[in-house]
Amino acid sequence: MARDSCLARVTAGAAVGGAVGGAVGAVYGTYEAIRYKVPGLLKIRYIGQTTVGSAAIFGLFLGAGSLIHCGKSY
């Protein structure tokens, strides 16, 4: 595979987006779980859902942005 292949760029973009989205989702999920006083072990489930959802959405958009940017030559 070439060093600057489009697939490598899209994969890297999606991975970075997933990592950033997961971190932001974990912080936001923790904040909301404490703010809305989610009871007991449901906090863990709520934080997990927020983390995975945020990571998936942000990874998807950053991967798509990398794909769009991949076709441009400057």
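Helix α1 gives the most to the nonpolar patch, with three residues, where helices (H or I, at least four residues) are DSSP runs numbered from the N terminus. This is a predicted model, in which local features need pLDDT of at least 70, side-chain atom pairs count only at pLDDT 80 or more, and totals for chains, interfaces and linings use all residues. Residues are numbered from 1 along each chain as its sequence is written, and side-chain values use heavy atoms, with hydrogens and water left out.

**The nonpolar patch**

- The patch on the surface is formed by V16, V20, V24, F58 and L62, which together have about 400 Å² of accessible area, a value from the Shrake-Rupley method with a 1.4 Å probe, for which only the protein chains shown count as cover for residues.
- The elements that give two or more residues to this patch are α1 (6-35) and α2 (42-70).
- Patch residues have over 30% relative accessible area and no salt bridge, and nonpolar side chains (Val, Leu, Ile, Met, Phe, Trp, Tyr) are joined within 5 Å, like charges within 9 Å; a salt bridge is a side-chain nitrogen of Lys or Arg within 4 Å of a carboxyl oxygen of Asp or Glu.

**Helix α1**

- With 30 residues, α1 reaches 42 Å from its first C-alpha to its last, close to the 44 Å expected at 1.5 Å a residue, the expected span being 1.5 Å times one less than the number of residues.
- The buried residues of α1 are V10, G13, G17, G18, G21, G22, G25, G29, E32 and A33, and they pack against α2.
- After α1 comes K37, whose phi is positive, near 55°.

**Residues of helix α2**

- Buried means under 20% relative accessible area, exposed over 50%, and partly exposed in between (1.4 Å probe, protein chains only).
- F58 lies in α2 and counts as partly exposed because its relative accessibility is 39%.
- V52, also found in α2, is exposed, with a relative accessible area of 58%, and its C-alpha is 29 Å from that of D4, 48 residues apart in sequence.
- S66 of α2 is buried at 17% relative accessible area and touches R9, V10 and G13, not counting residues up to four places away in sequence, where contact means heavy atoms within 4.5 Å.

**Annotated regions**

- An unreviewed UniProt entry places the feature "transmembrane region" at residues 12-31 and 51-70; positions are in the numbering used here, feature names are shortened, and annotations may be inferred rather than shown by experiment.
- Residues 12-31 are 100% helix and 0% strand (strands, E, at least two residues), with end C-alpha atoms 29 Å apart.
- Residues 51-70 are likewise 100% helix and 0% strand, with end C-alpha atoms 28 Å apart.
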